[in-house]
Amino acid sequence: MPKNKYESRCVMNKNITDMKAAIKNTVKEVDIPRYMGVWHEIARYENHFEKDMVNVTATYTLQPDGSIKVENAGYRNGVFKKATGRAKQPDPQQPGKLKVSFFLWFYSDYYILELDQENYGYVPVSYTHLRAHETKANL
């Protein structure tokens, strides 16, 4: 546990450096049509916009233009909430590095760090979420 603000900054800087190094290790292959569907959140590092959300899902739908519709949904204090955005794969040579936007043209990184290639059953993304894919096999 850091003892003061300077030690806290050192820990934070080390974590950022470790994260930047690890980001280079995204998956080398993603079958985008197979990735589509409902993913249930197993765990997350909570962001302010996800605070107190439960039963969270992310639904990905391939659009005719090749973009991906993203619907994040869940419950906060018993009230259903949903955010709709879009994702894209800017560089086909780096299939594990996508961009996602929920507001205008502001895109954030969406990195697929590991993927159950056989069943597409689980995926940790961008160091903040772990999701399980809803498939016919596990319903």
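Mentor: The protein exposes about 9,400 Å², and carbon and sulfur atoms supply 56% of that area; areas come from the Shrake-Rupley method with a 1.4 Å probe. This is a predicted model, in which local features need pLDDT of at least 70 and side-chain atom pairs count only at pLDDT 80 or more, while totals for chains, interfaces and linings use all residues. Residues are numbered from 1 along each chain as its sequence is written, and side-chain values use heavy atoms, with hydrogens and water left out.

Trainee: What percentage of the 139 residues count as buried?

Mentor: The share is 32% of the 139 residues, where buried means under 20% relative accessible area (1.4 Å probe, protein chains only).

Trainee: How many helices and strands does the protein have?

Mentor: There are two helices and eight strands, with helices being DSSP runs of H or I of at least four residues and strands runs of E of at least two. Their order from the N terminus is α-α-β-β-β-β-β-β-β-β.

Trainee: On to cavities: which residues line the largest cavity?

Mentor: Its lining consists of Tyr35, Tyr60, Ile68, Val70, Ala87, Leu98, Val100 and Tyr110. A cavity is a set of points on a 1 Å grid over the protein atoms alone where a 1.4 Å probe fits but cannot get out, and lining residues have an atom within 4 Å of a point.

Terms used: Buried < 20%, exposed > 50% of the residue type's maximum accessible area, 1.4 Å probe, protein only. 1 Å grid on protein atoms, 1.4 Å probe; cavity = no way out; pocket = protein on both sides within 12 Å on 5 of 7 lines; lining within 4 Å.
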